[in-house]
Amino acid sequence: MQITLKDGSVKEYTEAKSVYDIAKSISEGLARVACAGEIDGEAVDLRTVISKDCTLNILTANDPEGLKVIRHTASHIMAEAVKRLFPDAKVAIGPAIENGFYYDFDNPPFSREDLDKIESEMKKIIKEGHEITRFTLPKEEAIRYMQERQEPYKVELIEDLPADAEISFYDQGGFVDLCAGPHLMSTKGVKAFKLISSSMAYWRGDEHKAQLQRIYASAFQKKEELAAYLEHLEDIKKRDHNKLGREMEIFTTVDVIGQGLPLFAPKGTKIIQKLQRWIEDLEDNEWGYVRTRTPLMAKSDLYKISGHWDHYKDGMFVLGDEETDKEVFALRPMTCPFQYYIYKNTQKSYRDLPYRMGETSTLFRAEDSGEMHGLTRVRQFTISEGHLVIRPDQAEEELKGCLELAYFTLSTLGLQEDVTYRLSKWDPSNKEKYLGDDAYWENAQDALRKVLLEKGLPFVEADGEAAFYGPKIDIQAKNVYGKEDTMITIQLDCAIAENFDMYYIDENGEKIRPYIIHRTSLGCYERTLAWLIEKYAGKFPTWLCPEQVRVLPISDKFNAYAEKTAATLKKNGIDATVDRRSEKIGFKIRAARLDKLPYMLVVGQQEEADGTVSVRSRFAGNEGVQPLDAFIEQVCREIRTKEIRQELPEEEKAK
């Protein structure tokens, strides 16, 4: 048989051989580091026997699929360790994931001490060096096998498989787990691992099913790689907006108010206020929007016209009962149906289009409690929402404009390199969820695809992610933990104007249905703030900082000059405060640094006499003594241009 290797070379063998034996025939070194094989593109065990011509790639830890095999094997070792220490625990599932692996157990919550014990037991199992072997059973035998081992979750998984399925298991010295593989040849192959944390998880992701305990962990080929990853996790913890935002007194939550209903402290309120004013001025003064203000709730009649009552009711906060109440209201989950009536308030001609409506919209969505996280997923949020009513011939140009506006806002915030683009399409296998026919969806999706291609933006396509009335361009970003969320969305809707009898008068005096673009220019302010906290680790660009300058008098004798300085700064639009505490100047400087302030101005006798300030910044350290006017001019320019000033390395700041 002929085996074509990754480099294109061909090896010939006269008899069947395992992937491991082929790796060994290539080199002893390759066999030692091999994790799995890839036969004709499919990952397989090293123990898999090849008996016919094929292409073969030997996977090592340097390959994503090879590292995945190490991690998957580590998850089985962890499951065995848990069963040894907690015999009554029931095992569920334990896959490898992007940055490691996890395993779910039906067991009381694990403490950090428990995780440390499990780690120690895993090291024993690895040292024992059990050979890992694979065997298969027919479905009914597999069910009985797991029933005898009293593993109900494995039984359920097997029961869901086809009747003729051949079920595979892996045995590592007596511990047997249901698994499709592939796995390492021995437990000794796991060299470096760490159990990270434990949390609750629902069986099969369903909140109506059993609550399990999930242990998150990671594994690498080398200890140095693991150490680097753990250091990365420490940095993540420092950037986590849920932790840092509370420490910096940006926001908080209170149980008696409710989950997903954050309270913004003065600092957080100031940041959102700056973002909101910027976006509103940008849309209205530079991008041709008119501003609207619409109610936070409406009768169910409105949502029935738009289709949201049928397609989205489960995600809405409904006030009242249709069976007993004369009128039923709901808090709005979106603004579009409200703005349609502003458009309809006066008759429009083709010359009036595009008609771009913008609104800072507070919305309400009944998110599941398990989905809530800090500011990224909440039940009340505010977005830079807009709806463009356009002629069909204006669709391409206006879609480009929406994309350009979104890119501009991202670039201004320094976030443009952190996003990906997704064309969110309908699911043609579930057509009852959507308005319109096949041709409608293909045409609308083609229009969005064309805009993305012309802009040269790399994107992926995803079925089933569209709104019920049209496809979307979703601009995606990941938080520090790697979870992806939609930050900005641009939707093309060629159908819903019919529901509201929206039209414009064309040049021939005929009534024509317009198209509608639903879009955000920044997205959800709460989610954007979370993103900014994590991006900048709380060290926001100066223009966004709730406190931009703090004046530090050397002693109480100079409080009056400090107050006068701060007043002058405020008159020039700079957010300034004075630290009047009777503390030493070193203490005040350290406090300002901990608060991540852009600038601090130290003032004493010489500064008061000369009308100057001694400038310290988080960007360059000690910037020397400057005339107050010169400093104000510099900071005002930085704020006006929304400059993102870079920090020098600490050793350069000290010079």
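Predicted model: local features only at pLDDT ≥ 70, side-chain atom pairs only at ≥ 80, totals over all residues.
Local features need pLDDT of at least 70, and side-chain atom pairs count only at pLDDT 80 or more, while totals for chains, interfaces and linings use all residues. Residues are numbered from 1 along each chain as its sequence is written, and side-chain values use heavy atoms, with hydrogens and water left out.

Start with a helix pair. Helices (H or I, at least four residues) and strands (E, at least two) are DSSP runs, numbered from the N terminus. Helix 16 spans residues 559-571 and helix 19 spans residues 628-641. Their axes come within 11 Å and cross at roughly 35°. Axes here are lines fitted to C-alpha atoms, for helices over the stretch in contact, and angles run from 0 to 180 degrees between N-to-C directions. The crossing of helix 16 and helix 19 is right-handed. That term applies if the near helix is turned clockwise from the far one by less than a right angle; anticlockwise is left-handed. Which residues make the contact? Helix 16 supplies Thr565, Thr568 and Leu569. Helix 19 supplies Leu628, Phe631 and Ile632. Contact means heavy atoms within 4.5 Å. The residues of this contact divide into 4 nonpolar, 2 polar and no charged. Ala, Val, Leu, Ile, Met, Phe, Trp, Tyr, Cys and Pro count as nonpolar, Asp, Glu, Lys and Arg as charged, and the others, Gly among them, as polar.

Next, the cysteines. A search of the whole structure finds 0 disulfides, a disulfide being a pair of cysteine sulfur atoms within 2.5 Å. Cys545 is in no disulfide. Cys545 counts as buried because its relative accessibility is 3%. Buried means under 20% relative accessible area, exposed over 50%, and partly exposed in between (1.4 Å probe, protein chains only). Cys636 counts as buried too, at 18%.

Now turn to helix 6, residues 152-159. Tyr153, Lys154, Val155, Leu157 and Ile158 are buried there. Their cover includes helix 5 (139-148). Strands contribute as well, among them strand 10 (100-106), strand 12 (166-172) and strand 15 (211-220).

Side chains of opposite charge can pair when their charged atoms come close. The criterion is a side-chain nitrogen of Lys or Arg within 4 Å of a carboxyl oxygen of Asp or Glu. The whole structure holds 53 salt bridges.

Lys194 pairs with Glu119, with the closest N and O atoms 3.4 Å apart. Lys194 lies in strand 14 (residues 192-202) and Glu119 in helix 4 (residues 112-128), so the bridge ties together parts that are 75 residues apart in sequence. Lys194 is partly exposed at 27%, whereas Glu119 is buried at 8%.

Arg645 and Glu623 meet at 2.9 Å, N to O. Arg645 sits in the loop between helix 19 and helix 20 (650-653), and Glu623 in strand 35 (residues 621-627), so this pair links parts that are 22 residues apart in sequence. Arg645 is partly exposed at 24%. Glu623 is partly exposed at 22%.

Lys237 and Glu234 form a salt bridge at 3.3 Å, N to O. Both lie in helix 7 (residues 223-239), 3 residues apart, about one turn of the helix. Lys237 is partly exposed at 42%, and Glu234 is partly exposed at 42%.

One network remains. Salt bridges link Glu80, Arg84, Glu121, Lys124 and Glu128.
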